Structure formats: C-alpha cells, structure tokens
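Visitor: I have a new model on the screen and a few things I'd like to ask about it. Could you walk me through it?

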Amino acid sequence: MKRFVKPVLGIFLLTVFIVLSRVFELETKINDMQEWVAGLGVLGPIVFAAIYVVATVLILPGSILTIMAGVIFGSVVGVLTVIIGATVGASLCFLISRYFARDFVNSILSKNEKFVKLDSLVEKNGAIIIAITRLVPLFPFNLLNFGFGLTKVPFGVYVVWSAVCMLPGTILYVVGSDAITTAIREGRVPWVLFGVVVSIMIILALIVKKARGRLKESDDG
C-alpha cells in the first residue's frame, strides 16, 4: 500500500490546489502576467534571461525565477530561457572568480569545508565532478559557480558540462510549473506535461543515485 500513498497524495494536493486557485482567482493574475510579457514581444524572454543572469551573479535564489518561467512562457520557451540565463550567469561567476576577484572569492571559500572538498575532488577527477555536483545538491548552486573559477577546470569544459547537467532540473521545474498553470487556467489536468515531470523525476533519481556512488568512490579514493 505504501507505494500508492505518494501518488494518491499528489493527486489530492493537485485537486486542492486547483480548487483554491479558482477561489482566489489565480487564473486572472496569471493571464495578466502573461499578457504583460507578451507585450514585450521577442524582448520578453531576453529580458527574463538577463534578470536570471543578474540574479545568479548576485547569488540570489534562482528557483523562483525558474518556476516563473514555466508560468509565463510555457515549457519550451521557458526551458530555453532559463537554461540560457543560468548558463550565462554561471559562466560570468566563473570568470569573475578566476580573473577579477580571485583573492576575494578565495578568502571566503577557502574557509568552507565543502569547497575544500570540491577542490580536492576536481583535482582528482577533473571535469566529471562538474556533472556530479550539478546533479547532486551537496554544494550551493551559486557558490559552486564561483568555486569552480578557483579550480583548474577549463572554461569551455565548465560551460558545456554545466549547461547539460542543469538541463534535467530546469525541465523538471519549468514543465512542472507549466503543468500546474495549465491546470489552473483550463481547469483540467495536463497529463502529458505531468508525464514529462514524472519521467524526469525518475531519470534524475537514477542519475543522482549513480552520481552519489561515483562521488563516494572518488571521496574514498
């Protein structure tokens, strides 16, 4: 019976959320937000991505912006907008740390036990640690961006691996928020979108399990 508890609870909570959204007229607020962004035309995603870049550099939480992207732009444009903003932001943090504020960043992170561990793992295992740490939430995302700038990882390798490994989580958040928004706006459950979310969750769970094992092997070695 335990295996059915979480799915049933999820469906129940989704139903309650849809009912409450009707009561508080969230549909109107979502439509107003989408209309405002639509009024910006092609600049809408560009402006949003720029905001995401600034938030990343300023070490502000990006999860809220990621969720908002799904609400405003939908799944496809939302994922593209977020992954571009997050990758550019992470790249700027890396460059700032490596070339412009190395001593300052080092003075802060050198006292952080997790960063000392990260530096050691990168030295032993190279770029694969970028992939693992993007998937396994052992290190704060924003500090990780600056931290990698202090390592010997090549900039191009860092950018590619970061973008690829941030993609599954981005899809999960954006498509998930799009699915909930669609449910609120149309009063129905978008099963295709929820199917994508569940599939990504399963894939992420398998990848994270494998990544944790690899990280443990690296740490023990």
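Visitor: Which residues form the one aromatic cluster?
Guide: Two of its members are F148 and Y158, whose ring centres lie 5.7 Å apart with the planes at 55°, so that pair is tilted. The pair links distant parts of the chain, with F148 in helix α9 and Y158 in helix α10 (residues 155-186), ten residues apart.

Visitor: Is F148 buried or exposed?
Guide: Buried means under 20% relative accessible area, exposed over 50%, and partly exposed in between (1.4 Å probe, protein chains only). Y158 has a relative accessible area of 0% and is buried. F148 has 0% relative accessibility, so F148 is likewise buried.

Visitor: Why is helix α9 largely enclosed by the rest of the structure?
Guide: Helices here are DSSP runs (H or I, at least four residues), strands are E runs of at least two, and both are numbered from the N terminus. In α9, the buried residues include N142, L144 and F146. Helix α9 (residues 141-149) is largely enclosed because the buried residues number seven of the nine.

Visitor: How many helices and strands does the protein have?
Guide: From the N terminus on, the elements run α-α-α-α-α-α-α-α-α-α-α. That comes to eleven helices and zero strands.

Visitor: Which helix has the lowest mean pLDDT?
Guide: pLDDT is the predictor's confidence in each residue, from 0 to 100. The protein has a mean of 76, and 71% of its residues reach 70 or more. Where pLDDT is low, the predicted coordinates should not be read in detail. Helix α5 (residues 75-100) has the highest mean, 91, while the lowest, 54, belongs to helix α1 (residues 2-23).

Visitor: How many aromatic pairs does a search of the whole structure find?
Guide: F48 is in helix α3 and F73 in helix α4 (residues 63-73), 25 residues apart. F48 is buried at 8% relative accessibility, and F73 is buried at 16%. The whole search finds four.

Visitor: What about cysteines: how many disulfides does a search of the whole structure find?
Guide: A disulfide is counted as a pair of cysteine sulfur atoms within 2.5 Å. C93 is buried at 0% relative accessibility, and C165 is buried at 9%. The number of disulfides found is zero.

Visitor: Where is I59, with its positive phi?
Guide: Phi of I59 is near 60°, a positive value in a residue other than glycine. I59 has a relative accessible area of 41%, so I59 is partly exposed. Its place is in the loop between α3 and α4.

Methods:
Residues numbered from 1 in each chain as written. Predicted model: local features only at pLDDT ≥ 70, side-chain atom pairs only at ≥ 80, totals over all residues. Heavy atoms only, no water. Phe/Tyr/Trp six-rings, centres within 6.5 Å; stacked < 30°, edge-to-face > 60°.
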